[in-house]
Amino acid sequence: MMIHTQTLNQTNDVTGDRRDRSFELQIVEGAGAASRFADDWDDLFARAPEATPYLSRHWISTFISEKKFKGKPLFVLCWCQSKLVTLFSLTIHERLGVRIAEPTGSWLPSYLGLLADPDYPEAVDRIVEAFHAGKVADVFCSENLSSDDRATKSFLERIGHRGSSVYRVHRHPCPFIRLGCSYEEYLQKAKSGRSRQTLRRKERILRKRHEVNVERYSNGEITDAVIERIASIQEQSWMKRRGAAVLGQPFYRKLLLDIARAGLASAWLMTIDNTDAAFVFALIAHGRLYYAWTSFKLAYASSLSVGQVLTSRVIHDACDDGITLFDFGHGEAEYKRFWGTDEHGVHRFVTGRGVRGRLVAFLHFLIWRLATIKWCRSLYSSIKSVKGRGKMRHEAFRVVKSLAE
């Protein structure tokens with residue numbers, strides 16, 4: 001595949017007592033481009049202590065290699081004296097004649113944005129300048145921006161100051177636990193005495209009635225066979241009815257294996273009477289754990305509390321590992337609320353430059369706002385259920401779904 005590279009002029013900064021810094025901005029297009037700066041990407045990820053695993057090369061490259069994107073891949077890189085200090089992995093597509101940039105992997109709930117070395121905050125201005133000048137796209141759209149993502153929020157604030165329209169809509173709360181303590185200390189701070197007794201009683205009852213074992217696999221220990229067991233549990237869980245039992249699909253298998261081989265994953269498998277019953281698959285980076293996938297077989301959905309017992313074990317192991325933040329991801333499911341002690345938010349953001357770019361950005365915002373209204377969601381679901389009334393309407397539904405969901 002053809003790779004196109006555009007290198008912009010170097011710029012020099014003097015920031016307070018900082019020494020002069022020379023920056024070079026580079027825009028690289030093409031699905032195979034990442035291989036040219038793979039080691040630099042990994043080095044930058046290691047220097048970015050708040051970077052989520054979703055910004056790692058191994059996560060994003062899987063989306064690109066498996067063609068899970070629309071448009072074309074594009075990377076915006078900022079270098080300082082041969083060191084990569086910021087990276088934006090984007091895909092570019094057109095709508096209504098407007099170029100729209102989205103973070104790679106946007107269709108999967110995650111936390112996506114700018115990967116930046118915090119020691120070079122002024123490099124974000126170089127990215128802003130490239131967008132403002134129209135060298136990247138007319139619209140930037142992100143549906144998975146965490147309120148804790150300081151680098152990307154800084155980018156959005158600065159691009160707003162340069163005159164672009166910026167819109168934001170809250171998408172999901174994301175419960176989490178602040179750890180950095182022992183499991184018992186966490187329980188003491190987060191749970192009442194009665195809740196602690198109930199948790200222990202449930203586990204005692206489960207272990208008294210059945211032979212219970214929890215196996216943990218980390219990084220290279222996660223093999224095809226482990227993924228097969230996980231996918232089988234998910235297929236026999238409540239996620240099957242929702243159409244979310246996806247881990248048996250080739251793309252997800254590759255994604256899980258790639259991130260595990262990169263040293264960024266752990267999996268827990270619970271067996272009951274030597275039969276697989278439940279699992280947790282988590283991503284881990286920079287002392288933070290991200291609870292990515294979990295489910296249990298419907299056969300164990302009675303009063304056994306297998307999910308609660310397994311989550312308790314995962315939190316216990318996280319405490320032993322020195323994890324400082326345990327993130328449950330998008331949504332406020334009951335089990336997340338039970339364990340979580342705080343929350344941050346995921347927002348949809350869109351920016352637009354120029355007349356058409358501003359119009360497209362506002363249309364994104366309008367559809368997102370409508371999607372937050374219950375009767376609008378119900379109406380959309382009702383209309384979607386009526387099939388076979390022409391190709392044009394089908395295409396309209398597809399566009400609205402891609403924007404609203």
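## Aromatic pairs, a helix contact and selected residues

Leu 74 is buried, at 3% relative accessibility. This residue belongs to strand β4. The model is predicted.

**Overall make-up**

The protein chain holds 14 helices and 15 strands. Of its 405 residues, 50% are buried. Take the contacts between residues at least 6 apart in sequence: 72% of them join residues at least 24 apart.

Gly 30 lies 44 residues away from Leu 74 along the chain, yet their C-alpha atoms are separated by 6.3 Å.

Thr 104 sits in the loop between β6 and β7. Its relative accessibility is 1%, so Thr 104 counts as buried. Neighbours within four places in sequence aside, Thr 104 is in contact with Ile 60, Phe 63, Ile 64, Ser 89, Leu 90, Thr 91 and Leu 112. From C-alpha to C-alpha, Thr 104 is 9.6 Å from Trp 59, and 45 residues separate the two in sequence.

**Aromatic pairs**

How many aromatic pairs does a search of the whole structure find? The total is 32. One of them joins Tyr 111 and Tyr 290, whose ring centres are 6.2 Å apart; the planes meet at 65°, so the pair is edge-to-face. Tyr 111 lies in the loop between β6 (98-103) and β7 (115-116), and Tyr 290 in strand β13 (residues 288-296); the pair therefore ties together parts 179 residues apart in sequence. Buried or exposed? Both Tyr 111 and Tyr 290 are buried.

Tyr 167 and Phe 362 form another edge-to-face pair, 5.9 Å centre to centre, with 65° between the planes. Tyr 167 is partly exposed at 21% relative accessibility. Phe 362 is partly exposed too, at 35%.

| Aromatic pair | Centre to centre | Angle between planes |
|---|---|---|
| Tyr 111 and Tyr 290 | 6.2 Å | 65° |
| Tyr 167 and Phe 362 | 5.9 Å | 65° |

Ring pairs also build a cluster. Its members are Tyr 54, Trp 59, Phe 63, Trp 107, Tyr 111, Phe 251, Tyr 252, Phe 281, Tyr 290 and Trp 293.

**Lysines over rings**

Phe 251, one of the cluster members, has Lys 68 over its face, at 5.4 Å from the ring centre. Lys 191 lies over the face of Phe 338, at 3.7 Å from the ring centre.

**Helices α5 and α6**

How do two helices pack here? Helix α5 (residues 183-190) and helix α6 (residues 193-209) have axes 8 Å apart, at an angle of about 130°. That angle makes α5 oblique to α6. Glu 184, Leu 187 and Gln 188 of α5 meet Arg 196, Leu 199 and Arg 200 of α6. By class, the contact has two nonpolar residues, one polar and three charged.

With 33% relative accessibility, Val 166 counts as partly exposed. Beyond its neighbours within four places in sequence, Val 166 is in contact with Leu 156, Ile 159, Gly 160, Phe 349, Val 350 and Thr 351. Thr 351 is 185 residues from Val 166 along the chain, with 4.4 Å between their C-alpha atoms.

**Positive phi angles**

Most residues other than glycine have a negative phi. Which residues have a positive value here? Lys 67 has phi near 60°. This lysine lies in the loop between α2 (57-65) and β4 (72-80). Lys 67 counts as exposed, at 61% relative accessibility. Gln 81 has a positive phi of about 50° and is not a glycine. Its place is the loop between β4 and β5 (83-95).

Definitions and conventions. Residues are numbered from 1 along each chain as its sequence is written. This is a predicted model: local features need pLDDT of at least 70, side-chain atom pairs count only at pLDDT 80 or more; totals for chains, interfaces and linings use all residues. Side-chain values use heavy atoms; hydrogens and water are left out. Rings of Phe, Tyr and Trp (its six-membered ring) pair if their centres lie within 6.5 Å; planes under 30 degrees apart count as stacked, over 60 as edge-to-face and the rest as tilted. Helices (H or I, at least four residues) and strands (E, at least two) are DSSP runs, numbered from the N terminus. Buried means under 20% relative accessible area, exposed over 50%, partly exposed in between (1.4 Å probe, protein chains only). A charge sits over a ring if NZ of Lys or CZ of Arg is within 6 Å of the ring centre and within 35 degrees of the ring normal. Axes are lines fitted to C-alpha atoms, for helices over the stretch in contact, and angles run from 0 to 180 degrees between N-to-C directions. Angles under 35 degrees count as roughly parallel, over 145 as roughly antiparallel, 65 to 115 as roughly perpendicular and the rest as oblique. Contact means heavy atoms within 4.5 Å. Ala, Val, Leu, Ile, Met, Phe, Trp, Tyr, Cys and Pro count as nonpolar, Asp, Glu, Lys and Arg as charged, and the others, Gly among them, as polar.
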